[in-house]
Amino acid sequence: MNSSEHATLIAAVRAGRDEKIDWRFRSIAPALAGLTLDEAAARRANLFADGFFGPFVVLDAAAVEHNLATMAAWCAGHGIALAPHGKTTMAPELFARQLAHGAWGVTAANAGHLRIYRAFGVSRILLANQLVDPAGLRWLAGELAADPAFEFVCWVDSVRGVELMTEALAGSARPVDVLVELGGAGGRTGVRDPETALAVAEAVAKSPALRLRGTGGYEGALSHDTDDAALAKISSYVDTLRDSAIAFADKGLLADGQVYVTAGGSAYFDRVAQELTKPWPDGLDVLPILRSGAYVTHDDGFYREISPLGVHPRLAGVEPFHAALHAWAQVTSKPTPELALLTAGKRDLPYDEGMPEPQLLRKNGVNAELTGHAVTKLNDQHAFLALPADSPVEVGDWVRLGLSHPCTTFDKWPLLPVVDTDGETVVDFVRTWF
C-alpha cells in the first residue's frame, strides 16, 4: 500500500501521540507524567537514571527497523505480498510502519481486532478466522457500506458457516469476500478434505452475500520442528492451498478479479513462499500472501530457533532477524547462594514458549554478559533465577532477559519504551491496544 492508501491510519497514529503519560503506564518514570508521548520521547530519558519502575519491557529501535526492512525486501524480491498479523503487537504505530515498508494489508484474528483496526483507519484487512457472529457481521456490513475504500476478506470452513454469514448479511450493500480455509491433521480450523472444501466453495458461490476469492490456512500449527520431514509436511500442506484454488477456478467458482492464496506464520514463511510462487495456470491471476507477524521483533527463544532467519537460517544471503524485545528486572531477594528472585513474573513476561533468558547483569551502572544462569520458574510477580557457584548476582542488581514469543509479551504492556543502541536511552514509545 502507498502512503495515500493508509493516510487515515497515519493521521490516527499521530493524533494518538497527544496522549499523556500517567499512572496507567506502570513502568514509565513518574517524572514523565503529564507529558505527551512525543514530549516524553524528546526528553531521551534513561531507564535507570531517570526513575523507570522495574520490571519493564523495551523495544530496540535499530532491531525493529532492521526486521521491518529485511522482511519487506525479502517479500518484494520473491514476489509475495505481506499482510502481517497485527495480533502480535496490536500497535497501530507498528502497523503504519509495516505498511510504509510495503505491506499489502494487516491481518486480524477476531471482530474485536477489526473494530480496533478500523478505529485507526486500516483500509485493507484480512481476517484469518471465520466470522459467523451476527453482531460482528452486521457491524462489518456497516463499515463496508460506509467506506468504499475498505477492503476485507475472511475465511469460511463449513457450509453452515456460509449459511450463517448469508443470513446475517442479508440486504447488505456490498458482498463480503471470503477464502475457503484448509486445515490439516493436528491443525486448528479449516476443512480436512477436498470434498468438503468443494462443498463449501459451492455454497459460497451460491450465496448472494459472499464472494469466493481463493484459499487460506495456517501451517504453523502442523509442526514445531525444522527437520526434513517437518519441512516437507509444511510444503505438502501449502500445496493443498494451491490445488484447491486451481480446482475452484476450473469449476468457475471464483469471483472475478485477483485470486488470493494465503498462509505463512513466522516459522515457515520460506516454505510457504516457495510453494505459492511456483507457476500458476495461465489466466489465473494469483496474489500469494504471507501473514507473518512475529518477525517485527523476532525473539530470543522459539522464533530464534525455528525462523528461516533465526540462529539456524534457511535463507542464504539475508542477514538474520534481530531480537528486539528485552525485559529488565531487579534482583530483590537472594534467599540462598543458589537462588535469586527477580521482580518480574507471569504478569510481566511470556512463558508459553520457554522461560525468559538471562543475558546481561547490570551492577553499579555497568552491564556485563551473564552466562550460566537460568530462569527456572515464574510466579505471578517473581522469576526464580538459578545461580551457579561463582555467580556475581546480588540484591539490587538488574538482569536483562531475552524473551520467547512476542505474541504473549505485547499484551502485557500498554506502553513500551523504545531504546537507542545503548539499550537504555528512551527515544520513543509504542502504544498497544489489547
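**Figure 1. Arg-44 is partly exposed, with a relative accessible area of 45%.** Partly exposed covers the range between buried (under 20% relative accessible area) and exposed (over 50%), with a 1.4 Å probe and protein chains only. Arg-44 sits in the loop between helix 2 and strand 1. Its phi is positive, about 50 degrees, although Arg-44 is not a glycine. Most residues other than glycine have a negative phi. Helices (H or I, at least four residues) and strands (E, at least two) are DSSP runs, numbered from the N terminus. The model is predicted: local features need pLDDT of at least 70, side-chain atom pairs count only at pLDDT 80 or more, and totals for chains, interfaces and linings use all residues. Residues are numbered from 1 along each chain as its sequence is written, and side-chain values use heavy atoms, with hydrogens and water left out.

**Figure 2. A cis peptide bond links Gly-54 to Pro-55.** Omega is about 0 degrees. Most peptide bonds are trans. Pro-55 belongs to the loop that runs between helix 2 (37-42) and strand 1 (56-60).

**Figure 3. Asn-364 is exposed in a loop between two strands.** The strands are strand 12 (357-363) and strand 13 (366-369). The relative accessible area of Asn-364 is 77%. Its phi is positive, about 55 degrees, although Asn-364 is not a glycine.

**Figure 4. Thr-166 is part of helix 7.** The helix spans residues 159-168. Is Thr-166 buried or exposed? Thr-166 counts as buried, because its relative accessibility is 19%. Beyond its neighbours within four places in sequence, Thr-166 is in contact with Ser-207, Pro-208, Ala-209 and Leu-210. Contact means heavy atoms within 4.5 Å. Val-176 is 10 residues from Thr-166 in sequence, and the C-alpha to C-alpha distance is 9.4 Å.

**Figure 5. Ala-324 is buried, at 0% relative accessible area.** Ala-324 lies in the loop between helix 11 (302-306) and strand 10 (325-336). Which residues does Ala-324 touch, not counting those up to four places away in sequence? They are Val-58, Leu-59, Asp-60, Ala-63, Val-64, Asn-67, Val-296 and Thr-297. Lys-412 is 88 residues from Ala-324 in sequence and 16 Å away in space, C-alpha to C-alpha.

**Figure 6. Residues 324-420 carry a UniProt annotation.** The unreviewed entry lists this span as "domain: D-serine dehydratase-like". UniProt positions follow the numbering used here, feature names are shortened, and annotations may be inferred rather than shown by experiment. The span is 0% helix and 47% strand. Its end C-alpha atoms lie 11 Å apart.

**Figure 7. The whole protein gives context for the close-ups.** Its secondary structure comes to 11 helices and 18 strands. The radius of gyration is 23 Å, close to the 22 Å that the globule rule gives for 434 residues, so the protein is as compact as a globular protein of that length. The radius is taken over C-alpha atoms; the rule is 2.2 Å times the number of residues to the power 0.38. Along the principal axes, the C-alpha atoms fill a box of roughly 70 × 50 × 35 Å. Of the 434 residues, 55% count as buried. Among contacts between residues at least 6 apart in sequence, 71% join residues at least 24 apart.
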